[in-house]
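Me: I want to go through the terms used for this model and see what each one rests on. Please set every value against its definition.

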Amino acid sequence: MLLEADAVSKAFGSFFAVREANLSVDEGEIVGLIGPNGAGKSTFFNCLAGDAVPTSGRIIFASQDMTYAPPEAHARLGIGRTFQVPATFEGMTVLDNVMVGAYLRHPHHNDARECARQIIELTGLKAQTDIAAHSLGTPGRKRLEIARVLATTPRLMLLDESLAGLTPTELQEAIGLVRKIHETGVTIVIVEHIMEVIMTLARRVLAFNQGHVIASGKPEDVVKDEAVIEAYLGRGRHSYRSRSA
Amino acid sequence: MVAATGPHGQSVKKIPALTPTVLLAAGLLLYPLVFSGPFYLDIGVTFLLAAISASAWNIVGGYAGQVSVGHAMFFGLGAYSPLLCYTLFGWAPIAGIPFGIAFSIALAVLIGIPTFRLTGHYFSMATIAVAELIRIYFGTWDLVGAAIGLQGPATARGWWDLTFRSELPYYYIFLAVLAILLCLTSMIERRRFGYYLRAIKAGERAARSLGVSVQQTKIRALALSAAFTSVAGSLYSVKTGFVDPESGFGILVSVQMVIIAALGGAGRLYGPLLGALILIPLQSATNTWFGGGGSGLTFILYGGIIVLIARYEPGGVFELWENVAPRIWRRKHAA
């Protein structure tokens, strides 16, 4: 067991954004988190990444208790995360952005640059290596976000809607990239709205609604689950299913 | 200069990267020989001192983006230490410099731990408050001469007192310190520490997610910056042989560092140097033209510059040049 979240809750005042969520991820898995807007996916995700401290429950990563550890400790132990809105270092070049990540495991300049160049090649950003990050478009930023995390050599990658806002072609390329990363032995937890991504990548899915995990299992089964359909579409509006798919 | 085509088709100037540095070094080394009058020499020394303090500020205020408006606290500690050592023990003032550095680093760590929990304007306001508190306290503390301040040796007892009639030796001492500081800064730029500082400036949350210990990195930057600001203060008091709470800890001292760095380009190696190159002669000129009647004019000048930078070019003159230069170059090339 690589990551285990045990009855994690996160409350803002008296409102529970996440209520007793359980998740266990084995090494080498791709797990998807789905759910309508405001279901608590992102809050749960932030708890896993150390950006939010759970109100109760425990998070164990590689048999270490990470519940109260700060984000930088997560990165050091091998949990990397991307941001839903890319948090690109605007004033720096693409290479420098990736180098910030690479420096975590490679304290020396030349090693870090070498590592960053390899990652940039892998993520298909090679042509943009030396351009300023603020001139990248959305697909470039999403890739850079993934590249930076990858440069920290994570064991577990948390992708927060990293494939949203892409055109169908870009989406296919991005799915290929996630596959490639997975093949190098990185475990992946992915939050996504686009069902195509979840259906093709994830082998196991957790569906959230109003802070609760309402279904989990194989993606094919979860999308047929009555509770999931109801969470997305409400009762008796099955004709709209095709739109969300 | 040879025109070449860059990776994205735009024309770039191909000049060895060292050339500007060499030109700058040569210019600064030769300045006293060309402008040997005491008036110009004084401007040169003032310029170097301003460049040193602003470059020191630049490490934490520019690269790491933590805009401290209280750096006078380190400048003042640096300024008081040599003269205090002289007054209390009769030592050569330069013997007090290490004490100034030590006090400043200790203060930086002490101040950094609570204030770095704040961000943006709140951090700036907290630093102002601390500097002002220290200024007021020094103004009532008899050991350090209270409101009157401290004086250095009137006549040199030996070369080690660094009390010279001419400003020329000061010019070269200051220049050496500036060179050391800029070398160090350019080394930092190319190391992990420098990358982490820029990452913190660009986005703390993202930096943390990549394993940057934000708090610790900021405190290290502040300590380094404080050490050099303290040296600048020491150089000032050793040269003038006098310091009082206003000239050591006054808010104008802090504001000057911020303005010079921002004017030239905060977070750029030569930004503060460029800012000092513009501001100091301008300041001397206004002081000379308007004489004693224009003593408040410095503030008006500062205010005007703040407005102009904030409104038109937050990246400073350096960035302005980088944006404008390629356009001029292209136009010339097309013609």
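**Confidence, helices and sheets**

Reply: Chain A of this predicted model has a mean pLDDT of 88, with 96% of its residues at 70 or more; pLDDT is the predictor's confidence in each residue, from 0 to 100. As a predicted model, it is described with local features only at pLDDT of at least 70 and side-chain atom pairs only at pLDDT 80 or more, while totals for chains, interfaces and linings use all residues. Residues are numbered from 1 along each chain as its sequence is written, and chains are lettered from A and ligands numbered from 1 in the order in which they are written.

Me: Where in chain A is confidence lowest, and where is it highest?
Reply: The lowest mean, 53, belongs to helix H10 (residues 241-244) of chain A, and the highest, 95, to helix H3 (residues 94-102) of chain A. Helices (H or I, at least four residues) and strands (E, at least two) are DSSP runs, numbered from the N terminus.

Me: What are the corresponding values for chain B, and for the complex?
Reply: Chain B has a mean pLDDT of 86, and 92% of its residues reach 70 or more. For the complex, the predictor gives an ipTM of 0.88 and a pTM of 0.88. Over residues 1-12 of chain B, pLDDT stays under 50, and the model has 16 contacts beyond four places in sequence for them. Where pLDDT is low, the predicted coordinates should not be read in detail.

Me: Why are H3(A) and H4(A) called roughly perpendicular?
Reply: The axes of H3(A) and helix H4 (residues 109-122) of chain A cross at roughly 115° and come within 8 Å. Axes are lines fitted to C-alpha atoms, for helices over the stretch in contact, and angles run from 0 to 180 degrees between N-to-C directions. Angles under 35 degrees count as roughly parallel, over 145 as roughly antiparallel, 65 to 115 as roughly perpendicular and the rest as oblique. H3(A) and H4(A) are therefore roughly perpendicular. Their crossing is right-handed; a crossing is left-handed if the near helix is turned anticlockwise from the far one by less than a right angle, and right-handed if clockwise.

Me: Which residues make the contact of H3(A) with H4(A)?
Reply: From H3(A) come Val94(A), Leu95(A), Val98(A), Met99(A) and Ala102(A), and from H4(A) come Ala112(A), Arg113(A), Cys115(A), Ala116(A), Ile119(A) and Ile120(A). Two residues are in contact if their C-beta atoms, placed from the backbone, lie within 7 Å. This set divides into 10 nonpolar, no polar and 1 charged. Ala, Val, Leu, Ile, Met, Phe, Trp, Tyr, Cys and Pro count as nonpolar, Asp, Glu, Lys and Arg as charged, and the others, Gly among them, as polar.

Me: What makes H11(B) oblique to H13(B)?
Reply: Helix H11 (residues 251-264) and helix H13 (residues 297-312) of chain B have axes that cross at roughly 40° and come within 10 Å. That angle makes H11(B) oblique to H13(B). The crossing is left-handed. Val255(B), Ile259(B), Ala262(B) and Leu263(B) of H11(B) meet Tyr302(B), Ile305(B), Ile306(B) and Ile309(B) of H13(B), a contact of 8 nonpolar, no polar and no charged residues.

Me: How many residues of each chain touch the other?
Reply: 24 residues of chain A are in contact with 19 residues of chain B. Helix H2 (71-77) and H3 of chain A each supply at least two residues of the chain A side. That side divides into 13 nonpolar, 4 polar and 7 charged residues.

Me: Why are S2 and S5 of chain A edge strands?
Reply: The order S2-S1-S4-S5 (chain A) describes an open sheet of 4 strands with antiparallel pairing. Strand S2 (15-25) and strand S5 (64-65) of chain A each have a single partner strand, so one side of each is left without a neighbour in the sheet. Two strands pair if DSSP finds at least two bridges between them. Strand S4 (residues 56-61) of chain A and S5(A) are joined by 2 bridges, while 7 bridges join strand S1 (residues 3-12) of chain A to S2(A).

Me: What is the strand order in the sheet of 6 strands?
Reply: This open sheet runs S6-S7-S8-S3-S9-S10 (chain A), with mixed pairing. Strand S7 (residues 156-160) and strand S8 (residues 187-191) of chain A pair in the parallel sense over 5 bridges, whereas S9(A) and S10(A) pair in the antiparallel sense over 5 bridges.
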